[in-house]
Amino acid sequence: MAQYEYRCDRDGALEVSRPIGTAPETFECPACGRPAPRSFTGPMLSLAPRALVRAVDAAERTREAPGVVTAPPPAARRRATTTTNPLHRKLPRP
Ligand SMILES: [Zn+2]
């Protein structure tokens, strides 16, 4: 999601949250109902880690359309419980 800014002649600036690339040229002002033209501002580039940005975007996406899971996650592989230390061979077996 991205924040797009529009400016109504009568009511001033308004921010609209839409998916990237889907911002219309004008947006209907919620106060007066007249079309407000889009005004361009600097991008909000952040230094947040990509994984965090991806997680936040995924959380925002599932707010309106929850993700559908079709299968349980794969079971984690169990590590071998045997030891490779040769001294352990002399220990009694259970
Ligand atoms: Zn307005």
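Colleague: Which residues does Pro37 touch, not counting residues up to four places away in sequence?

Modeller: Pro37 touches Tyr6, Arg7, Glu25 and Thr26. A contact means heavy atoms within 4.5 Å. Pro37 has its place in strand 4.

Colleague: What should I know about the model itself?

Modeller: This is a predicted model, where local features need pLDDT of at least 70, side-chain atom pairs count only at pLDDT 80 or more, and totals for chains, interfaces and linings use all residues. Residues are numbered from 1 along each chain as its sequence is written, and side-chain values use heavy atoms, with hydrogens and water left out.

Colleague: Why is Pro37 called partly exposed?

Modeller: Buried means under 20% relative accessible area, exposed means over 50%, and partly exposed lies in between (1.4 Å probe, protein chains only). Pro37 has 40% relative accessibility, so it counts as partly exposed.

Colleague: How do you know that Cys8 is buried?

Modeller: Cys8 has a relative accessible area of 3%. The limit is under 20%, so Cys8 is buried. Cys29 is also at 3% and therefore buried. Across the protein chain, buried residues make up 11% of the 94 residues.

Colleague: What makes up the largest nonpolar core?

Modeller: It has nine residues: Ala2, Tyr4, Tyr6, Cys8, Leu14, Val16, Ala23, Cys29 and Ala36. Strand 1 (2–8) and strand 2 (12–18) each give two or more residues to this core. Strand 1 gives the most, with four. A nonpolar core is a set of buried Ala, Val, Leu, Ile, Met, Phe, Trp, Tyr and Cys residues joined through side-chain atoms within 4.5 Å.

Colleague: What counts as a strand or a helix here?

Modeller: Both are DSSP runs, numbered from the N terminus: helices are H or I with at least four residues, strands are E with at least two. The protein chain has one helix and four strands. From the N terminus on, they run β-β-β-β-α.

Colleague: Which atoms are the protein donors of the zinc ion?

Modeller: They are Cys8 (SG), Asp11 (OD), Cys29 (SG) and Cys32 (SG), lying 1.8 to 2.3 Å from the zinc ion. Donors are N, O and S atoms within 2.8 Å of the metal (3.2 Å for Na, K and Ca), and sites may look incomplete, as water is not among the atoms. The donor residues are spaced C-x2-D-x17-C-x2-C in sequence. Cys8 in strand 1 and Cys29 in the loop between strand 3 (26–28) and strand 4 (35–39) are 21 residues apart, so this pair links distant parts of the chain.

Colleague: Why is the arrangement around the zinc ion called tetrahedral?

Modeller: Four donors count as tetrahedral if all angles lie between 85 and 135 degrees. The four donor atoms here subtend angles of 101 to 121°, so the arrangement is tetrahedral.

Colleague: What is the radius of gyration of the protein chain against that of a compact globule?

Modeller: The protein chain has 27 Å, whereas a compact globule of 94 residues would have a value near 12 Å. The radius is taken over C-alpha atoms, and the globule rule is 2.2 Å times the number of residues to the power 0.38. The C-alpha atoms fill a box of roughly 90 × 30 × 20 Å, taken along the principal axes.

Technical notes. Four donors count as tetrahedral if all angles lie between 85 and 135 degrees; four count as square planar and six as octahedral if opposite donors are over 155 degrees apart and all others between 65 and 115; anything else is irregular.
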